[in-house]
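I opened a new model today and kept notes as I went. The entries follow the order in which I looked things up.

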Amino acid sequence: MKYDAVIIGGGISGATCALVLSHFGCRVAVVEREAHVTPLLHGFVRHGVHHDTGFHYAGGLGPGEILDRFFRFLGLNQGMELYPLRAQGFDRIVDQSTSDVVEFSYGEQSWRDSLLAAFPREAAAINRFQQTVLSICDSLPYLNKEKTFGEDALFANSQDISLQAFVAELTQDRRLQAVLCMHCLLHGTPPDQIPLRLHAAVVGPYCRSVYGIRGGGRQLSQSFAASLQQANVDLYCGSRVTAMSVDPDNNITGVTLSSGQELVAAQVIHAADPRLLLDWLDEKCFRPVYRRRLTALQETQSALILFGQSARPVESLADRNLYLADLHLGTELFSASMAQRPLYLSSAGLELSTDDGVAQRCGIIGIMPEDYRCYEPWQATRRGQRPEEYLRFKHERRGQMLERIEQAAPEVAQALQQPFLATPLTLRDYLHYPQGAMYGVSHQLARYPLQVATRVRGLYLSGQALAAPGLMGAMIGAFYTCGTLLGHQRVAEELRQWQ
Ligand SMILES: Cc1cc2nc3c(=O)[nH]c(=O)nc-3n(C[C@H](O)[C@H](O)[C@H](O)COP(=O)(O)OP(=O)(O)OC[C@H]3O[C@@H](n4cnc5c(N)ncnc54)[C@H](O)[C@@H]3O)c2cc1C
């Protein structure tokens with residue numbers, strides 16, 4: 001088959017690219033190795049309960065904000081109901097060393113007030129943190145609709161400082177430092193490695209509004225599938241790209257699938273792990289320095305994910321998330337022991353489910369960063385066939401997570417039924433990043449950010465590796481890539497209609 005564009009990876013970013021290009025009249029195909037598009041959003045059903053895996057909440061979804069405009073432009077809003085998380089305390093941090101509570105609220109003033117309530121002497125640090133984060137957001141195209149698209153590079157900047165260095169300048173209070181770094185969980189790169197600009201781009205929108213989607217990621221996944229069908233995008237699901245073809249002048253000509261089928265295309269957008277290009281293309285297609293850059297890319301943190309259910313919604317998780325952490329660790333929070341590092345709890349978007357036809361059940365999820373290296377002894381083992389030793393280790397980890405929940409959020413522990421754990425090996429096998437990354441490759445300080453266009457003409461990058469992780473990062477990356485192909489002004493003009 002011959003296409004204007006073939007997109008590799010049907011995650012949020014690849015699906016968004018497909019919809020934008022179709023909107024502009026391109027004949028598009030998406031190749032996704034899993035059985036359906038947006039597999040990370042699709043989640044899974046176990047014990048009669050649907051468990052969400054790739055979306056719980058986001059900033060930027062409020063009326064007229066960037067994700068709202070993207071959704072309406074792409075037709076994703078049809079049949080979708082958004083709901084605001086609690087304006088006062090959408091994220092509540094429980095300090096496990098003191099049992100004190102610190103809350104994040106949204107609305108610029110409320111955001112500051114909620115932190116000031118916990119740190120009354122730190123007004124200067126809190127104000128400066130917020131001002132800096134918001135002024136970075138407002139300087140970025142897409143996050144500020146007045147900015148010209150394509151005018152700047154995307155979010156990252158190799159000259160930046162780290163989030164850790166920035167908060168250390170602001171305050172000596174280690175607990176406040178930890179609080180200001182807590183949302184590193186939203187991009188998976190620790191505070192000493194994440195560039196301030198990238199962190200600001202990811203977390204800044206949460207100062208202004210925070211929404212969930214009724215039905216969670218599954219609803220969003222269904223909306224993507226419906227829009228792709230309506231746009232007549234050809235889907236090659238359950239197919240892996242295994243090679244790319246390039247002509248003697250270094251122009252892309254198409255891709256080969258695991259089935260051996262070839263798809264011919266003038267343009268190819270790679271919206272999965274950028275390191276895969278090293279396997280698919282001949283050495284001479286890229287300069288050695290670019291190959292080295294791809295090889296050097298590191299993954300974001302992996303995680304332990306505890307999935308469970310409850311017979312009724314848990315009040316402390318109603319329209320809010322809980323973060324359990326030992327705040328005395330300051331910015332070292334993310335390299336701390338199991339008993340101290342951040343543990344995120346949510347049931348956002350996970351409605352009562354009647355899938356089992358008997359009892360109504362509600363999904364609960366707990367996420368904690370975890371080092372993939374602890375699982376290396378078993379990395380050659382396969383799902384469903386892992387040895388006893390691994391299962392014991394996993395059982396212990398599950399027990400430790402449950403113990404922390406019991407201690408800091410007893411009402412969640414009491415309600416939680418049939419909890420089971422996904423480890424970094426599970427994440428590796430489902431998300432296809434070799435070290436079980438939650439958010440793909442990491443945007444790290446002092447690394448030159450990836451560019452959209454590559455040296456192979458017609459081959460472009462997209463996905464969370466390009467702009468930033470998260471729903472917003474993946475979608476902005478997609479619009480930016482399509483803008484590079486079609487002309488940023490052309491895309492901006494169309495998007496303007498959805499202000
Ligand atoms: C547990 C969890 C919770 C999250 N919660 C939130 C949240 O609350 N809010 C938020 O904003 N973000 C959240 N995220 C992050 C968000 O889901 C991701 O950043 C986003 O989905 C990334 O989209 P993407 O398209 O860039 O990448 P991916 O989803 O990784 O898409 C890449 C796709 O490429 C496919 N692929 C890989 N190799 C090949 C190949 N060879 N051939 C064909 N296809 C291939 C993969 O199967 C995959 O579907 C969460 C992530 C996780 C893991």
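Predicted model: local features only at pLDDT ≥ 70, side-chain atom pairs only at ≥ 80, totals over all residues.

**Entry 1: domains**

Domain 1 is built from three segments, 2-79 + 215-298 + 441-496. Domain 2 covers 103-209, and domain 3 covers 301-438.

I then checked how domain 2 sits against domain 3. Their C-alpha centres lie 26 Å apart. The contact takes 15 residues from domain 2 and 15 residues from domain 3. On the domain 2 side, I asked which elements give two or more residues. They are α6 (163-170) and α7 (174-181). I noted that α7 supplies the largest share of that side, with six residues. I sorted the domain 2 side by class as well: nine nonpolar, three polar and three charged residues.

**Entry 2: ligand shell**

How many residues surround the ligand? I found 37. The closest are Gly 9, Gly 11, Ser 13, His 56 and Gly 470. I listed the elements that give two or more residues to this shell: α1 (12-23), β2 (28-32), α2 (39-42) and α15 (470-486). By class, I have 20 nonpolar, 13 polar and four charged residues in the shell.

Where does the ligand lie relative to the domains? Domain 1 and domain 3 both give residues to the shell, so the ligand lies between them.

**Entry 3: α15 against α16**

I followed α15 onward to its packing with helix α16 (residues 488-496). The two pack at an angle of about 125 degrees, and their axes are 6 Å apart. That angle makes α15 oblique to α16. I wrote down the residues that meet. From α15 they are Phe 479, Cys 482, Gly 483 and Leu 486. From α16 they are His 488, Arg 490 and Val 491. This contact divides into four nonpolar, two polar and one charged residue.

**Entry 4: the seven-stranded sheet**

I traced an open sheet of seven strands. Its order is β7-β6-β14-β15-β16-β13-β17, with mixed pairing. The twist averages 20 degrees from one strand to the next.

I zoomed in on one pair. Strand β14 (residues 321-325) runs antiparallel to strand β15 (residues 343-346), and three bridges join them. Tyr 323 has Tyr 344 in β15 as its bridge partner.

I also looked for a helix on this sheet. Helix α12 (residues 388-408) packs on it. The strands touched are β6 (91-95), β13 (302-310), β14, β15, β16 (362-370) and β17. The direction of α12 makes about 125 degrees with that of β17.

**Entry 5: pairings of β12**

Strand β1 (residues 2-8) pairs with β12 in the parallel sense over six bridges. In that pair, Ile 7 is bridged to Ile 269 of β12.

Strand β11 (residues 252-257) runs antiparallel to β12, joined by three bridges. Gly 254 stands opposite Val 264 in β12. The hairpin of β11 and β12 has four residues between the strands. Within this hairpin I picked out Gly 260, which takes a positive phi near 95 degrees.

Strand β18 (residues 459-461) runs parallel to β12, again with three bridges. Here His 270 stands opposite Leu 461 in β18.

Notes
Residues numbered from 1 in each chain as written. Pairing = 2+ DSSP bridges. Axes fitted to C-alpha atoms, helices over the stretch in contact; angles between N-to-C directions. Contact = placed C-beta atoms within 7 Å. Near = placed C-beta within 6 Å. Nonpolar A, V, L, I, M, F, W, Y, C, P; charged D, E, K, R; others polar. Domains from an automatic or database assignment. Parallel < 35°, antiparallel > 145°, perpendicular 65-115°, else oblique.
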